[in-house]
Amino acid sequence: MVRDIILSINDLHIDYYTPDGVIRAVRGVSIELCKGESLCIVGESGSGKSTIGLATIRALPQNAVITRGAILYNDIDILKLSEEEMSKRVRGKEISIVFQDPAAMFNPLFTVGEILLDVIATHLGIRDRRKAYEYGINMLKLVELPDPERVVNSYPHELSGGMLQRVAIAVALSANPKLLIADEPTTMLDVTIQAQILDLLKRLRNELSLSMIFITHNLGVAAEVCNRIMVLYAGTLFEEGYTEDILTNPIHPYTRRLLECIPRAGRRVSRLKFIPGTLPDLRTPIPGCPFAPRCEYTTDICRKTPPPIYEVGYKHKVSCHLYQKR
Amino acid sequence: MLLNILNLKMYFPIKKGIFGRVVGYVKAVDDITFSVNLNEVYSLVGESGSGKSTVARCILKLYEPTSGRILFEGRDVTYARGRELLEYRMKIQAVFQNPYLSLNPRMRIIDIVAEPILEHMDVDKADAYRIALELLEKVGLSDELTRRYPSSLSGGQAQRVAIARAIALKPKLVVLDEPTSALDVSLQAQILNLLEDLYNEYRMSYLLISHDLSVVRYISDRVGVMYLGKLVEESYTENLFENPLHPYTQALISAVPEPDATRSKLSKRIVLPGEPPSAISPPSGCRLNPRCPHAMDICRREEPPIIEIEKGHTVSCWLYTKA
Amino acid sequence: MDLEEITSILRLIKLNPLSIVGIAIVATFITLGIISPYIVPYPADAWGYSYNLETRLLPPSSKYLFGTDEMGRDLFSRVLLGTRFSLIIAIGVVGIALAIGIVVGLIAGYMGGSIAMILMRITDMFLAFPPLLLAIAFAATLGRGLVNVIIALALSWWPWYARLIYIQVNSVKNLPFIDAARVIGLSTTKIMFRHILPNSLTPIIIQAALDMGSAILEAAGLSFLGIGVPPPIPEWGLLISQGWALINRAWWLSLFPGIAIVITVIGFNLLADTFQEIMDPRLRSTMVMRGI
């Protein structure tokens, strides 16, 4: 079955200008996402995962510069659109985003209803207040908010983190986007609430046939929601493949180590594996593999040349010199 | 026993108006009893609003509890003052969640670690700094970093500094308040291993406050589960994870997403509906009853007693009262 | 502060020409304030001990750069020596006000409760009056004199610092590192002065730099009203006031001390802006963006 590609990101490079120097946050990442697929970008802090999400919806902070690469959404060149076209045609209608902290996204002076009505009016052109209100209530029902009539009249600070994240999802989905970017949407929530939100996202993805990019640092969360996983480190792709493959048969030394770092049993049973050292300084050029200083299999070539991407299985790619064709 | 917490209550008054009339209380901790043994890792788990951090702050004497008693090495320290308080402080230290915010940004690393030594130990300045350097080396910080300021450290490094400061006075008990939740997994593993090494070397006890069940399972000997100011279940770690009894504990454990491709399809997850109610007006009876899949009539009316099911495994739930 | 940070700050300053102007003005002002008594061309004129009818009210010339006053004294010498008095006033007023404000704000902020209540109500009482009005009242009560002017201005000024420090302390005292200091078992004084104060000073430093300029301006105002520094001290406000009566016959008498005040005040304002940019990380990165 040939499936349509909805989003393709090609060799993306993004720099941040800071007082302490230029941080090269994303160093040549390519992504292909098919319709209806959900892809998880997994990485620790500094991996550049959130930067890629923001770039896709052109919401990077002012000091970020895209130095190279292209982002194509259904043949629309996202990076070439004007700011106005971006707001009118793409944001909300085609691509939407949900962030880690929903409270920071909402103006605290507006009620949930006012926020929803505003989005509905601008994106769907429903000006009739009663129709828009009905539509809004339906959106809140869609995200399983209890008592939507009460929620509509509440201010953001009156809602809990979990409820607010549901509102954020409702707002993001109100103009029927085809692609949802979820940037650590459950990181600030408690586990029992996280479980609710993950279930909700999975249900919505199926019902609305959404494509989804899910950004997280938590491999467990990634395993729950996505069929494909990309592992990022220091702005570069390390491994990519179907969730089962990545979890049961991780190829890249970093992915393996990362999985071993997660405590699963008591300390008396087995001592926790860990990754020595820290992330390389992203301000300096990295000549070889960025993981070389922390990797146990490092050889000379790792320090000198960046590893190419090898295909090691069906749609299972890895960027590591260990898998060079013998 | 090292630390006994008896019927601890911490109610925060809610004040209104210019005269500060008290209109209600946030019952953050409501009648909790547990103990930490010598050379033991005890964990309090719970989600936000469960009151676990408030318990920690009471033990650290950052809050004065509304009622209840705190016994340390058999001595009542609940209302300790002056000399007595200082002696208690030297034996109990803490590591907080946010490593950057728990270090004074205007002090050098070495000064931060040397501060408690200079304050309490009978040593001169040179010796204090020598001890501080040794501690920093022990927690794995290179010599060149010790003259820097906290802002130039990574999160993991900063947490190592906080740990070095906590063990500087060789305390009997270290309260770890979410020590790794601000860190990435790879760094979390480093810090957990460091904490374990120090635990073995110094033969102290830890009281871990955490919402992360995998960390709790890894490091603790015994676990207490908190929900809305109450201790709902307590047991030895493996026992609790293998055989959770309280519906809340069961839901909590099943909600943890694990990077296991097979798991999510096999075991059924228990999702509790709704959100924890407010601690200002907690539900009558068992506090979980509005969300509990097994709620019965009695759960709505009466608070469940604490029942010992097997040795060291207690639960507070009406499901286990008969039989 | 380590070497890395200093170089990073210097880089930022280099990016903003106005910062350099501000720093240059303030540096010149301070230097002149210190050395002016030794470099004035006519020391006796500067201090106001001389009287010379032949050189009365001469317009600016190469001999008398800023002209002469009605007593025949060289105005350039007097304005130059004026920097010293302005410097003393600026440092004196801001210094005393800071000392009182910091102690009051720190104690009220950290102790809280009824102590804070009493201290902050007193502060509020002062804040209820316009500061200049208060200063005039104090100055009028205390009588003329350099020290009295400084005291009068400082008394009307400290409540602003007290309030600023109070707000800062309140936000800092709940940070985990203060908890950590308490857990270590430090005394209250050590927590206040070693941990809270150094982390509450940023906005105060900015405000103080700004206020140095304002202090000079207000002292000049008091002198102008005749309740400030007594003659023959060549304080700038007094010079303007003395020239005011003769503005039709000798424009230079008020103009040059006026320019001196304006430049100095602008200098301190620019310096305060620079401090703000250096201390606020968000502004820092916009400055870097300007530089690319």
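Reply: In this predicted model, chain A is built from eleven helices and twelve strands. Its radius of gyration is 21 Å, close to the 20 Å that the globule rule gives for 326 residues, so chain A is as compact as a globular protein of that length. Along the principal axes, the C-alpha trace of chain A spans about 70 × 50 × 50 Å. Of the 326 residues in chain A, 46% are buried, and among the contacts in chain A with a separation of 6 or more, 62% are between residues 24 or more positions apart.

Turning to the part you asked about, 39 residues of chain A are in contact with 36 residues of chain B. On the side of chain A that touches chain B, at least two residues each come from α7 (191-207), α8 (219-225), α9 (243-248) and α10 (253-261) of chain A, and it is α7(A) that gives the most, with seven residues. Sorted by class, this side of chain A holds 17 nonpolar, 13 polar and nine charged residues.

As for the partner chain, strand β1 (residues 3-16) of chain B runs antiparallel to strand β2 (residues 21-36) of chain B, and twelve bridges join the two.

Key. Residues numbered from 1 in each chain as written. Chains lettered and ligands numbered in written order. Predicted model: local features only at pLDDT ≥ 70, side-chain atom pairs only at ≥ 80, totals over all residues. Pairing = 2+ DSSP bridges. Helix = DSSP H or I, 4+ residues; strand = E, 2+ residues; numbered from the N terminus. Contact = placed C-beta atoms within 7 Å. Nonpolar A, V, L, I, M, F, W, Y, C, P; charged D, E, K, R; others polar. Rg over C-alpha atoms; globule rule 2.2 N^0.38 Å. Buried ≥ 20, exposed ≤ 12 C-beta atoms within 10 Å, placed from the backbone.
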